[in-house]
2 protein chains.
Amino acid sequence: MAAKEPEIIRDKDQMRRWSRAMRAQGKTIGLVPTMGYLHEGHVSLIREARTHADVLAVSIYVNPGQFAPSEDLSTYPSDFHGDIRKLTQIPGGVDVVFNPHNLYDYGGSTDASARASNGAVKSGGGETVSCLEDKGVGHETWVRVERLEKGMCGRSRPVFFRGVATVVSKLFNIVEPDVAVFGKKDYQQWRIIQRMVRDLDFSVRVIGSEIVREHDGLAMSSRNVRLSPEEREKALSISKSLSEARSSAEKGQVNCKVLRDLVIQAISEAGGRVDYAEIVDQESLESVEEIRRPVVFCVAAWFGKVRLIDNMEINI
Amino acid sequence: MAAKEPEIIRDKDQMRRWSRAMRAQGKTIGLVPTMGYLHEGHVSLIREARTHADVLAVSIYVNPGQFAPSEDLSTYPSDFHGDIRKLTQIPGGVDVVFNPHNLYDYGGSTDASARASNGAVKSGGGETVSCLEDKGVGHETWVRVERLEKGMCGRSRPVFFRGVATVVSKLFNIVEPDVAVFGKKDYQQWRIIQRMVRDLDFSVRVIGSEIVREHDGLAMSSRNVRLSPEEREKALSISKSLSEARSSAEKGQVNCKVLRDLVIQAISEAGGRVDYAEIVDQESLESVEEIRRPVVFCVAAWFGKVRLIDNMEINI
């Protein structure tokens with residue numbers, strides 16, 4: 001099959017017109033939301049989406065609403081032309097790349113009331129401020145998935161999940177997909193989007209796609225490129241220890257403290273700094289003390305200036 | 001024109017199928033969300049919607065998510081058959097009444113994790129609990145319009161606007177309307193929905209429809225039926241004093257404290273209890289001290305056990 005170059009759409013209205021034209025032709029629409037700097041993990045999401053939809057849109061947008069001012073928005077890697085090349089090589093291809101300049105530009109001037117007179121940021125919600133509000137943008141509507149957003153990544157990244165749920169709501173309303181595919185590497189994100197879709201009655205089927213790993217087991221991530229060779233080697237401790245914990249559980253070790261200590265110790269000894277290592281129910285994401293039902297072991301850890309996440313489901 | 005009886009749809013999926021069938025025929029869809037017990041105010045919203053859309057859906061649903069357990073959910077008036085009779089008499093009629101039994105029934109069992117073991121309610125968000133969470137339902141996603149939801153009605157009814165924004169999001173996702181009409185009687189609600197639609201990129205045009213009043217000036221409300229004849233007479237102090245304040249402003253009285261005192265005194269002397277009387281910017285809903293641009297004077301006051309709201313725009 002000949003390589004197919006995707007159409008690039010940057011305008012919200014044009015994006016929606018494209019989708020509606022496709023739907024009017026009886027075609028089902030798949031969406032894979034990404035922040036770009038695509039790797040084999042993204043490619044696997046796109047292949048998965050291809051099997052569920054007639055036409056396929058991939059969004060490439062680094063969402064300032066999900067980064068705190070202290071986080072790595074400014075150093076988040078990007079390579080738009082490389083991304084398009086990769087997408088063109090995927091069998092079956094991608095029909096549209098939605099690459100908006102700014103999803104929060106509502107055509108007005110900067111909202112002065114978003115900033116207090118001393119230049120500090122007033123947050124309407126009180127507690128949390130993202131890079132978006134930091135710019136004094138007038139956007140003030142946030143989608144909160146209140147229980148699932150609390151734990152794990154939500155604890156160390158308080159603006160993250162409301163930013164994700166909000167931008168995904170926007171993308172769903174613009175692209176109007178029938179199916180959207182998310183990676184299970186971002187396990188908590190995937191469950192939050194599923195719950196949001198249920199609770200807000202979005203007409204979108206959400207599919208979770210399995211983690212793709214490098215040959216040595218490291219979970220693929222756009223952030224891996226920021227690891228030094230030494231850090232990358234040390235970071236293998238995450239997937240290795242998770243694997244060991246899973247094997248141990250499958251052999252009968254159901255005590256979560258023992259399993260967590262195993263992982264925390266392995267990562268710490270390799271020189272990583274564990275943010276969290278939690279064994280939680282696969283749906284409620286509530287902590288489990290003994291494994292009596294399907295769980296997922298989720299880890300976040302820093303190696304140098306890079307925060308990595310990984311997880312493994314344990315289905316016993 | 002012959003009277004047209006609306007089709008009654010109770011199922012979400014059936015509702016969406018109807019809308020999509022209409023859209024596939026090239027028809028535009030209007031939605032008027034209501035909580036039933038329809039009066040002339042609702043009828044005017046429906047007439048307005050008729051002018052903007054080819055086919056019309058009216059939703060009738062008393063949303064537990066916008067009532068606090070201490071509020072009047074259990075006594076909120078209803079008369080479904082009377083509502084259908086009224087809708088049937090409207091020239092041009094209404095095509096569909098969407099009357100779901102429960103918009104928060106997701107087909108699972110009651111979510112035990114929503115209740116703490118002592119039977120008290122755990123709120124994921126921490127601060128606010130509605131009649132919905134009080135029942136231990138698993139719903140946990142809320143749409144928050146963080147600045148606009150704070151003042152006026154939001155102060156005395158902390159769960160109200162997140163409940164409204166959330167249920168309207170659900171209705172938009174189910175009915176997929178092109179146009180939705182809201183009453184300017186609920187001025188803050190109207191502005192919140194407008195802002196939500198902008199911020200979340202809903203493809204819905206939101207139209208605000210003017211307040212409809214009884215012959216003596218009382219703003220129409222489903223709650224008026226719960227006023228005793230004496231309370232109803234006293235409640236006229238709201239619209240009368242608002243009118244006087246507007247006249248006074250139009251004659252040059254731009255000092256908001258003076259205008260507010262006029263209204264507060266009139267309502268108090270009539271035996272009402274003022275919840276708030278605020279003069280605010282029409283878009284940002286921020287309090288104004290001197291009228292230098294278009295404002296709206298918003299009032300909420302209790303007469304007996306009934307809380308009434310009203311407002312008047314002052315365009316000088």
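Predicted model: local features only at pLDDT ≥ 70, side-chain atom pairs only at ≥ 80, totals over all residues.
Start with chain A and chain B together. Superposing chain A on chain B takes a turn of 180° and a shift of 0.0 Å along the axis, and leaves an RMSD of 0.0 Å. The two copies are thus related as by a two-fold rotation axis. To find that axis from chain A, select Val143(A): its C-alpha is the nearest one in the chain, 2.3 Å from the axis. The copies use the same surface, since 100% of the contact residues of chain A recur in chain B.

**The interface as a whole**

Next, select the residues of each chain that touch the other. About 3600 Å² is buried between the two chains, and 42% of that lies on carbon and sulfur atoms. On the side of chain A, colour Glu140(A), Glu146(A) and Arg147(A): these lose the most area to chain B, together 22% of what that side buries.

Now show polar contacts across the interface of chain A and chain B. There are 32 residue pairs in polar contact, both residues of each pair being at pLDDT 80 or more.

**Salt bridges between the chains**

How many salt bridges run between chain A and chain B? The count is 8.

- Select Lys12(B) and Asp201(A). They form a salt bridge with the closest N and O atoms 2.7 Å apart.
- Select Glu140(B) and Arg195(A). Their side chains meet in a salt bridge of 2.9 Å, N to O. This pair crosses from the loop between helix 4 (131–134) and strand 5 (141–145) of chain B, which holds Glu140(B), to helix 7 (residues 187–199) of chain A, which holds Arg195(A).

Are the two residues of the second pair buried or exposed? Glu140(B) counts as buried because its relative accessibility is 3%, under the 20% limit. Arg195(A) is buried as well, with a relative accessible area of 15%.

**Salt bridges within a chain**

Over all chains the structure holds 52 salt bridges. In chain A, select Arg157(A) and Glu71(A), which form a salt bridge with the closest N and O atoms 3.0 Å apart. The pair links distant parts of the chain, 86 residues apart: Arg157(A) sits in the loop between helix 5 (153–156) and helix 6 (160–175), and Glu71(A) in the loop between strand 3 (55–60) and helix 3 (80–89). At 8% relative accessibility, Arg157(A) counts as buried.

Move to chain B and select Arg162(B) and Glu133(B), a salt bridge whose closest N and O atoms are 2.6 Å apart. Arg162(B) lies in helix 6 (residues 160–175) and Glu133(B) in helix 4 of chain B, so the pair ties together parts that are 29 residues apart in sequence. Both Arg162(B) and Glu133(B) are buried.

For the last stop, return to chain A and select Asp13(A), Arg16(A), Arg20(A) and Glu176(A). Salt bridges with shared partners join these residues into one network.

Conventions
Residues numbered from 1 in each chain as written. Chains lettered and ligands numbered in written order. Heavy atoms only, no water. Salt bridge = Lys/Arg side-chain N within 4 Å of Asp/Glu carboxyl O. Helix = DSSP H or I, 4+ residues; strand = E, 2+ residues; numbered from the N terminus. Buried < 20%, exposed > 50% of the residue type's maximum accessible area, 1.4 Å probe, protein only. Least-squares fit on C-alpha atoms with pLDDT ≥ 70 in both. Contact = heavy atoms within 4.5 Å. Buried area = accessible area lost by both parts, 1.4 Å probe. Polar contact = N/O pair within 3.5 Å; in protein donor to acceptor, adjacent residues only side chain to side chain.
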